[in-house]
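Visitor: Could we look at this one together? I'd like to ask a few things as we go.

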Amino acid sequence: MGSDVLPCYVACDVSLSMTDHIDELNTGLREFRGAVHADASLAGRVFCSVVGFGEKPQVVQSLLPMDDLAELPEPRPCAGTNFGPLFTFLRSEIDRDVRALERHRLQVHRPLVFFLSDGQPTDPVTWPFAFAALTDPGWPVCPRVVTFGLGDADQEALGRIGTFRTYLGRDGVRMGTALIASVMHVLSTSGPPADRTLSKRGLPWRPTEGEAGGAH
C-alpha cells in the first residue's frame, strides 16, 4: 500500500441517449482498472467510485481500492439529464469519503472527478450553482474535474465543467486512456498531502459498515 491515496469519482451519464455508448464506458472502466494494476507506482494508491446519473445520481460502486470495478447498468428512460443533483451529490460523497480515509490515517490527495456524458444538461439554469459549490476553492478537498464527451456532447458545457482537462471521444481519444493519463499526471506532479500519516499497519482501506455507500 502506498503512503498516499488518490480518490477518483467516475460519474457516467446513463440516460437513454447513452445506450449506444454504454459498452464503450464499461470497456473504458476495465482499461482504467487494468492500467492501474499494471503500474506498480499506482497499484494501491488509486481508489475509485462509480456513479451513474440521469434524472438523479446513483452509486454503482462506493469508493474502494481498484481490485475491481462494477459495470454500469443499461440506460433506462428518465425525465432528464440533470447535472446539478450530481454535483451536489459528489460534494457530499467526497466530504464523507475523505473524512473516512483520514480516520484510517491515510494521506489523501485532492480528489479527481471524471465526468462522462454525451448530451446537454436539462437543468441549464441551476447546475452552475451546484458546480460552483463542488469546485469552491475555499473547500480544502475541492476536486479537479476531467470531462470526457461522447458522441455529440455539448463541448461548451464540458469546457465549463472541465477544470483540469477536457477530452472528446470524437477526437479519437479512448476513455480509459484519458482516465489513466489524468491520474498519472496528478500523482507525478503533486507532492504528498501534508499533516497526515499512514497507518503503520499499511492495510488497504475498506469502509466500515457505517461508512460504506450504497445506491442513493
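Visitor: Which helix does isoleucine 161 lie in?

Guide: Please keep in mind that this is a predicted model. In it, isoleucine 161 lies in helix H4, which covers residues 155–161.

Visitor: Is that isoleucine 161 buried or exposed?

Guide: Isoleucine 161 is buried, because its relative accessible area is 0%, and a residue counts as buried when that value is under 20%.

Visitor: And what does isoleucine 161 touch?

Guide: Leaving aside residues up to four places away in sequence, isoleucine 161 touches Phe83, Phe87, Phe115, Trp127, Phe131, Val145 and Thr147.

Visitor: Switching to helices, at what angle do H2 and H3 cross?

Guide: The axes of H2 (residues 83–103) and H3 (residues 127–134) cross at roughly 20° and come within 7 Å. Angles under 35 degrees count as roughly parallel, so H2 and H3 are roughly parallel to each other. Their crossing is left-handed.

Visitor: Which residues make that contact?

Guide: On the H2 side they are Phe83, Gly84, Phe87, Thr88, Leu90, Arg91 and Ile94, while H3 contributes Trp127, Ala130, Phe131, Ala133 and Leu134. Sorted by class, the contact of H2 with H3 has 9 nonpolar, 2 polar and 1 charged residues.

Visitor: New topic: how many disulfides are there?

Guide: The count comes to 0 disulfides.

Visitor: Why is cysteine 8 too far for a bond?

Guide: The closest cysteine sulfur to that of cysteine 8 is in cysteine 48, and it is 5.9 Å away, whereas a disulfide needs the two sulfur atoms within 2.5 Å, so the pair is too far for a bond.

Technical notes:
Residues numbered from 1 in each chain as written. Predicted model: local features only at pLDDT ≥ 70, side-chain atom pairs only at ≥ 80, totals over all residues. Heavy atoms only, no water. Helix = DSSP H or I, 4+ residues; strand = E, 2+ residues; numbered from the N terminus. Buried < 20%, exposed > 50% of the residue type's maximum accessible area, 1.4 Å probe, protein only. Contact = heavy atoms within 4.5 Å. Axes fitted to C-alpha atoms, helices over the stretch in contact; angles between N-to-C directions. Parallel < 35°, antiparallel > 145°, perpendicular 65-115°, else oblique. Left-handed = near helix turned anticlockwise from the far one by under 90°. Nonpolar A, V, L, I, M, F, W, Y, C, P; charged D, E, K, R; others polar.
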